[in-house]
Amino acid sequence: MSDLIQLGAVNERPKAPRPEELELKFSQTAVDQLEALKTHYPNDKACILPCLWIAQREYDGYLSSNAIAEVAHRLSRSYAEIEGVATFYSMYNTAHSVGKHMIEVCTCLTCHMCGAYRIGDYLKEKLGVDFGETTPDGLFTLHEVECLNACDRAPLLQVGDQYHGPVDHAYVDNLLAELKTQESTVTKLADEIVKVHLQDGHK
Ligand code: FES
């Protein structure tokens, strides 16, 4: 088997649930927010991005096949269309479930020159996971990302809606201790983005 075929097998997407298997999990708040958002746009298709943020919050940060199917159902779009949008943008978590906190390590040029990989290695050692993995206790997911557009703060981390930088080992120690006491910054970020979309419609 060629490498390409093997790679395709590794990246196989989860199957869409059959209509009778679909579980609707949006809370009443989520349903109300979606109905409000629909009034801000000319049609339901235009609501796909904010609806995916609602789903990411409602499904604890991970857009499972059921989450994607629920968005498709609520917007009367096809599963393939919603999956195509969700998997196009890296801010939607479609590859695997994530921890309460996603720590994103910028390893692009400036951060790289300022020690990003040393910080990444330190985080891997402290958390016992590699990039793209979640700690067994479900608290942290570690990711390597491209330039976060705050190169003057290199080496830079992003956690939820917060930038942290420049960071060193001591900063990382304090950050991890602080995050352990906090609610999910993954769902908090999704919730804040939904609220921004709701406010935008009233301008
Ligand atoms: S290179 Fe890291 S924020 Fe730009």
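Biologist: What is the order of the strands in the open sheet?

Modeller: The open sheet has four strands, in the order S2-S1-S3-S4, and its pairing is mixed. Remember that this is a predicted model.

Biologist: What makes S2 and S4 edge strands?

Modeller: Count the neighbours. S2 and strand S4 (162–164) each have a single partner strand, so one side of each lacks a neighbour in the sheet. From one strand to the next, the twist averages 25 degrees.

Biologist: Which helix packs on the sheet?

Modeller: That is helix H7 (residues 116–127), which touches S1 and S2. The direction of H7 makes about 150 degrees with that of S1.

Biologist: What makes S1 "mostly covered"?

Modeller: A residue counts as buried with 20 or more other C-beta atoms within 10 Å of its own. In strand S1 (residues 101–106), six of six residues are buried. Both faces are covered. His 101, Ile 103 and Val 105 lie on one side, with Met 102, Glu 104 and Cys 106 on the other. In a regular strand, side chains alternate between the two faces of the sheet.

Biologist: Now the helices. How do you know that H4 is largely enclosed?

Modeller: Eight of the eleven residues of helix H4 (residues 65–75) are buried, so the rest of the structure largely encloses H4. Among the buried residues are Ala 67, Ile 68, Glu 70 and Leu 75.

Biologist: What do the buried residues of H4 pack against?

Modeller: They pack against helix H2 (28–38), helix H3 (48–58) and helix H5 (79–88). After H4 comes Ser 76, whose phi is positive, near 55 degrees.

Biologist: Why is H3 called oblique to H4?

Modeller: H3 and H4 pack at about 135 degrees, with axes 10 Å apart. That angle makes H3 oblique to H4, because roughly antiparallel requires over 145 degrees and roughly perpendicular runs from 65 to 115. The crossing of H3 and H4 is right-handed. Ile 48, Cys 51, Leu 52 and Ala 55 in H3 meet residues of H4, including Val 71 and Arg 74.

Biologist: What makes H3 roughly antiparallel to H9?

Modeller: H3 and helix H9 (residues 185–200) cross at roughly 150 degrees, and their axes come within 8 Å. The cut-off is over 145 degrees, so H3 is roughly antiparallel to H9. In the contact, H3 supplies Pro 50, Trp 53, Ile 54, Gln 56 and Arg 57. H9 supplies residues including Thr 187, Ala 190 and His 197. H3 passes H9 in a left-handed crossing.

How values were computed: Residues numbered from 1 in each chain as written. Predicted model: local features only at pLDDT ≥ 70, side-chain atom pairs only at ≥ 80, totals over all residues. Buried ≥ 20, exposed ≤ 12 C-beta atoms within 10 Å, placed from the backbone. Helix = DSSP H or I, 4+ residues; strand = E, 2+ residues; numbered from the N terminus. Contact = placed C-beta atoms within 7 Å. Pairing = 2+ DSSP bridges. Axes fitted to C-alpha atoms, helices over the stretch in contact; angles between N-to-C directions. Parallel < 35°, antiparallel > 145°, perpendicular 65-115°, else oblique. Left-handed = near helix turned anticlockwise from the far one by under 90°.
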